[in-house]
Amino acid sequence: MADLKSRISHVLMFFSAILAFAPVISVDYLMDAYVRMRGMQEIKMSINGIVEETQRTVESATESLQSLTARSPSLCTPTFYRAAAAEMRANYLMRQLIVNSTDGALQCALYGDKFSYTAITPTMSMPGGPQEMTVVRIDDNAFPLLKVSLRVRPGKEVSTFVPINAHMFDDGHGAVEKSIMTRFALTSGLTIFEFGDPARYFDDPHPQENFLFAQQVAQNVPISVSAAIPLDLIAAEYADLQIGFTLVASLASCIFLWLCVQYVRRSQAPTFDLERAINDGELRPRYQPVIDLQTGHIAGCEVLIRWEKPNGEVISPGAFIEYAELSGLAIPMTLSLMEQVRDDLEDLCDRHAHLKVGINLFERHFRDGSIVEDVQSIFGATNIRYSQLVFEITERQPLSDMGGVNAVIHALRDLGSKVALDDAGTGHSNLAYIQKLGIDIVKIDRVFVELIKHRNQPVPVVDALISMANDLGTEIIAEGVETEEQALYLRKKGIRQAQGFLFAPALPVDAYLALAERMNNEEVQLIDELDQAKVDDLVGFVDDEHREIGVDYGDMPGIEGAAELETSEATGADDDPDYVAPVVEQEEEIMIGGDESSDNEGEKAAAS
């Protein structure tokens with residue numbers, strides 16, 4: 001559970017970091033969206049103004065032609081000329097007024113009989129009226145004009161010439177402000193004329209990302225206007241606003257991240273203080289006994305770890321082990337742990353040569369390679385024999401450098417130590433390692449032991465692991481044994497060693513020393529120096545810790561009853577009346593490695 005909480009804490013911290021920088025990251029996105037919105041509003045307003053101006057020009061020209069034909073039904077007469085001159089004075093947009101036949105022949109013109117023009121588009125009917133429109137070019141005019149015509153009698157029409165947009169041409173711009181391209185075209189797509197540099201827009205590989213483009217079509221005139229403005233030109237106008245928002249967002253991000261860090265430091269992440277804790281000796285070993293199922297004696301222990309703070313708070317390894325691995329602190333943490341193990345267990349191991357001490361190694365130990373020299377330096381001149389050390393491969397991170405792993409394992413075995421594969425069959429652990437790496441001991445993980453419900457009910461997965469280990473000539477230790485049925489089943493299958501809450505959780509050194517002496521029935525100076533009440537208190541710690549973590553012994557044998565397993569089987573005290581206890585040959589040496597079953601898996605990695 002603690003390991004799960006630690007992982008949840010790390011995930012929350014990861015997402016908190018992302019959320020902390022979200023305001024800064026989002027400023028660019030939001031500002032880009034804002035600049036595009038304001039830029040589109042600006043460009044649409046500009047081209048709408050052009051389109052509306054053109055439409056008003058055509059409408060005023062149509063009204064003037066209708067007024068002229070109403071006042072002077074006759075054409076090309078003095079009365080017509082006087083009326084035409086009056087209309088042109090009233091409408092300054094009209095550049096010329098002519099009468100021509102529908103086949104294009106000029107009948108008369110208000111200014112000069114030799115007036116000529118060139119049509120550059122077909123003649124188009126305009127919606128909502130009898131008038132027609134043609135885009136023409138006059139020799140003495142730099143820009144095209146619109147020829148607006150009104151048929152007055154069969155075969156004849158009155159026409160006037162007006163600019164497409166008088167204000168633009170009068171001001172000399174002819175384009176939308178800031179645009180690199182302004183295009184006037186018919187609604188059919190035929191271009192009338194362009195301003196600026198159209199190729200810059202149309203040849204750009206990403207025009208939608210780099211430009212703002214808008215197009216507008218007139219309602220009653222078959223003309224459309226389009227324009228393109230560089231996005232960075234619009235964005236430059238809002239640079240000060242973006243800088244301000246960025247500063248505010250950065251400040252908000254810093255405050256949010258600081259709050260997240262403070263929360264983690266107060267709750268699930270004491271890891272920021274880990275290096276100091278290692279130097280101050282706050283990381284201390286706990287010892288989980290490994291029991292010989294055949295004799296009921298203690299065969300050794302697995303070394304686990306706790307962070308014991310000066311204020312009395314005890315932190316589970318699930319809160320800091322992963323950080324120690326990732327930060328590289330697992331190596332100094334392991335050295336500190338081994339030095340404490342040497343000081344704690346040297347006398348015990350000297351008196352009991354059969355006792356084993358299981359120490360977990362991490363992936364970084366195999367990359368670093370100095371672990372062999374560290375073992376020699378710490379245990380070389382002590383009464384703890386190399387043959388009493390069992391080094392467990394704990395793979396919280398997958399082993400990558402198999403050459404380095406092999407070199408370290410062979411060096412440890414050359415010293416006389418043994419190597420165990422922890423959590424066999426789970427996580428990154430690969431059963432192929434048993435042969436590839438020369439594994440001496442296989443530790444059956446508690447997830448498989450939990451499948452055992454009755455001593456006589458087969459468990460194929462467990463049986464297969466046992467059979468595989470036997471075929472490969474490796475020793476076996478069962479982890480996470482919590483019920484008598486599990487212990488009896490494993491014993492029946494020939495398993496010599498087991499660990500778990502059925503026997504004891506991880507114990508402080510005093511409790512483990514007293515328990516080891518007591519269960520091995522050795523009357524030595526250590527016991528003689530302790531009064532019985534103190535021994536009972538130390539051993540009683542087992543039951544206290546069980547209750548603390550919610551494990552109820554019930555009718556379990558407990559640490560005192562482990563030896564009764566042998567009596568139970570030998571006397572046939574089993575649910576199966578035909579059961580005959582197997583004869584298991586005693587091994588000269590009892591291996592140890594081990595997992596603190598119901599404790600979280602972070603403690604296993606803590607055996608570093």
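In strand S11, Ile223, Val225, Ala227 and Ile229 point one way while Ser224, Ser226, Ala228 and Pro230 point the other way, and all of them are buried. Counted along the strand, eight of the eight residues of S11 are buried, so that S11 is mostly covered, in a model that is predicted. This strand, S11, spans residues 223-230 and pairs with S10 in the antiparallel sense over seven bridges, and within that pairing Gln215 stands opposite Ser226 of S11. A hairpin of five residues leads from S10 to S11. Strand S8, residues 181-186, also pairs with S11 in the antiparallel sense, here over six bridges, and Thr182 stands opposite Ala227 in S11.

These strands belong to an open sheet of four strands, in which the order is S9-S8-S11-S10 and the pairing is antiparallel. Which strands form the edges of this sheet? The edge strands are S9 (191-196) and S10 (211-217), each of which pairs on one side only. From one strand to the next, the twist averages 10°. In general, the strands of a sheet pair through backbone hydrogen bonds, and they may do so in a parallel or an antiparallel way.

For the setting of these details, the protein has 22 helices and 20 strands, and buried residues make up 50% of its 608 residues. Among the contacts in the protein with a separation of 6 or more, 68% are accounted for by residues 24 or more positions apart.

Another strand to follow is S13, residues 298-308, where eleven of the eleven residues are buried, so the strand is largely enclosed by the rest of the structure. Strand S12, residues 283-292, is joined to S13 by nine bridges, and the two run antiparallel; here the bridge partner of Val290 in S13 is Gly300. S12 and S13 form a hairpin with five residues between them, and in its turn Gly296 has a positive phi of about 80°. S13 also pairs with strand S14, residues 314-315, in the antiparallel sense over two bridges, and Trp307 stands opposite Ile315 in S14. The hairpin of S13 and S14 likewise has five residues between the strands, and in this hairpin Gly312 takes a positive phi near 95°. With strand S15, residues 356-361, S13 pairs in the parallel sense over three bridges, and the bridge partner of Glu302 in S15 is Gly358.

Most residues other than glycine have a negative phi. Cys76 lies in the loop between helix H1 (2-71) and helix H2 (78-90), and with a relative accessible area of 28% Cys76 is partly exposed.

Which residues of H16 are buried? They are Val462, Leu465, Ile466 and Ala469, and, seen down the axis of H16, the buried residues fall within an arc of 95°, so they line one face of the helix. On the other side of H16, Pro460 and Asp471 are exposed. What covers the buried residues of H16 includes strand S18 (441-444), helix H15 (446-449), strand S19 and helix H17 (484-492). Just after H16, Gly473 takes a positive phi of about 75°.

Arg446 is found in helix H15, and because its relative accessible area is 19%, which is under 20%, Arg446 counts as buried. The side chain of Arg446 makes a polar contact with the side chain of Glu482, at 3.2 Å. In strand S19, residues 475-478, lies Ile477, which is buried with a relative accessible area of 0%. Ile477 and Arg496 are 19 residues apart in sequence, and from C-alpha to C-alpha they are 7.2 Å apart in space.

Conventions. Residues are numbered from 1 along each chain as its sequence is written. This is a predicted model: local features need pLDDT of at least 70, side-chain atom pairs count only at pLDDT 80 or more; totals for chains, interfaces and linings use all residues. Side-chain values use heavy atoms; hydrogens and water are left out. Buried means under 20% relative accessible area, exposed over 50%, partly exposed in between (1.4 Å probe, protein chains only). The arc is that of the directions from the helix axis to the C-beta atoms. Contact means heavy atoms within 4.5 Å. Two strands pair if DSSP finds at least two bridges between them. Axes are lines fitted to C-alpha atoms, for helices over the stretch in contact, and angles run from 0 to 180 degrees between N-to-C directions. A polar contact is a pair of N or O atoms within 3.5 Å; within protein, one must be able to donate a hydrogen and the other to accept it, and residues adjacent in sequence count only if both atoms are side-chain atoms.
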